[in-house]
Amino acid sequence: GSMGFDYRKLRLGAREIRGEAYKRHLGGGAAQWQPRGEFQLALLRHLGLRASSEVLDVGCGPLRGGLPIIGFVGARHYRGVDANASLVAAAHFELARAGLAEATDRVTVLHDFALATLAARYDVILCFSVLNHCAQEERSRFFAEVPAVMAPASIVVVTHATWFAPPSLAGTPLQVMRRFDAATDLPPPLAPAQW
């Protein structure tokens, strides 16, 4: 299948970051930046995110969803990783602008889904519109690596996963708990049309 836009190849200079050029590269553009970020938090809360949850945001980009999540759980309970250094720089810009400059060490570059190197466990692992931009081999690597950062009751939330098939989890301890294949699978407050 088509992977769409390859975010790993995106390079933004400091001036482009200050001009928020990264917002144009995300689905919905700058106009949808805030509602789509808030949707990520609302979705996670629906799926069990609590204020005390430890969150790992894989492919966090410039924190469109990360900022609302940080607003809910606090910077100490949030960890974001992305393979693209310029999107991580944009994330640091967003944190500084939000008065959270001390939290920039919570968002770092990570290649090849090398999640075990984080040496921590998270209650909620979010992969929002990330694997749909990856090749099948990379998706398999994510599913193989993610158990290293999971506690027994952790949930992994993967979105934009029309490509997903249960054999993707073969050889891992992961299992599908819930699937949302249609907008109607979510409660009305989360209806995508409202976001």
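Ala119 is exposed, with a relative accessible area of 69%. Exposed here means over 50% relative accessible area, buried under 20%, and partly exposed in between (1.4 Å probe, protein chains only). Ala119 sits in the loop between strand 3 (107-109) and strand 4. Its phi is positive, about 50 degrees, although Ala119 is not a glycine.

This is a predicted model, in which local features need pLDDT of at least 70, side-chain atom pairs count only at pLDDT 80 or more, and totals for chains, interfaces and linings use all residues. Residues are numbered from 1 along each chain as its sequence is written, and side-chain values use heavy atoms, with hydrogens and water left out.

**Backbone with positive phi**

Most residues other than glycine have a negative phi. Leu63 has a positive phi of about 75 degrees and is not a glycine. Leu63 belongs to the loop between strand 1 and helix 3. Is Leu63 buried or exposed? Leu63 counts as buried, at 0% relative accessibility.

**Overall fold**

The protein has five helices and five strands. Helices (H or I, at least four residues) and strands (E, at least two) are DSSP runs, numbered from the N terminus. Their order from the N terminus is α-α-β-α-β-α-β-β-α-β. The radius of gyration is 16 Å, close to the 16 Å that the globule rule gives for 195 residues, so the protein is as compact as a globular protein of that length. That radius is taken over C-alpha atoms, and the rule is 2.2 Å times the number of residues to the power 0.38. Along the principal axes, the C-alpha atoms fill a box of roughly 45 × 40 × 40 Å. Of the 195 residues, 45% are buried. Among contacts between residues at least 6 apart in sequence, 71% join residues at least 24 apart. Contact means heavy atoms within 4.5 Å.

**Helix 2 against helix 3**

Two packed helices are described by the angle between their axes and the distance between the axes. The axes of helix 2 (residues 33-46) and helix 3 (residues 66-73) come within 7 Å and cross at roughly 45 degrees. That makes helix 2 oblique to helix 3. Axes are lines fitted to C-alpha atoms, for helices over the stretch in contact, and angles run from 0 to 180 degrees between N-to-C directions. Under 35 degrees counts as roughly parallel, over 145 as roughly antiparallel, 65 to 115 as roughly perpendicular and the rest as oblique.

Which residues make the contact? Helix 2 supplies Gly37, Glu38, Leu41, Leu44 and Arg45, while helix 3 supplies Pro68, Ile69 and Phe72. By class, the contact has five nonpolar, one polar and two charged residues. Ala, Val, Leu, Ile, Met, Phe, Trp, Tyr, Cys and Pro count as nonpolar, Asp, Glu, Lys and Arg as charged, and the others, Gly among them, as polar.

Within helix 3, Gly66, Pro68, Ile69, Ile70 and Val73 are buried. Their cover includes helix 2, strand 1 (55-58), strand 2 (78-82), helix 4 (85-97) and strand 4 (122-127).

Leu43 is in helix 2. Leu43 counts as buried, at 7% relative accessibility. Leaving aside neighbours within four places in sequence, Leu43 is in contact with Val157, Thr159, Leu186 and Leu190. Ala151 lies in strand 5. Ala151 counts as partly exposed, at 26% relative accessibility. Not counting residues up to four places away, Ala151 touches Arg121 and Tyr122. The table gives C-alpha separations.

| Pair | Apart along the chain | C-alpha separation |
|---|---|---|
| Leu43 and Pro189 | 146 residues | 9.7 Å |
| Ala151 and Asp123 | 28 residues | 6.5 Å |

**Aromatic cluster**

The whole structure holds six aromatic pairs. Rings of Phe, Tyr and Trp (its six-membered ring) pair if their centres lie within 6.5 Å; planes under 30 degrees apart count as stacked, over 60 as edge-to-face and the rest as tilted. Phe143 and Trp163 form a tilted pair, 6.3 Å centre to centre with 45 degrees between the planes. This pair links distant parts of the chain, 20 residues apart: Phe143 in helix 5 (residues 136-145) and Trp163 in the segment after strand 5 (150-158). Phe143 is buried at 5% relative accessibility, and Trp163 is buried at 17%. The rings of Trp163 and Phe164 have centres 5.9 Å apart and planes at 70 degrees, so that pair is edge-to-face. Phe164 is buried, as is Trp163. Ring pairs link Phe113, Phe142, Phe143, Trp163 and Phe164 into a cluster.
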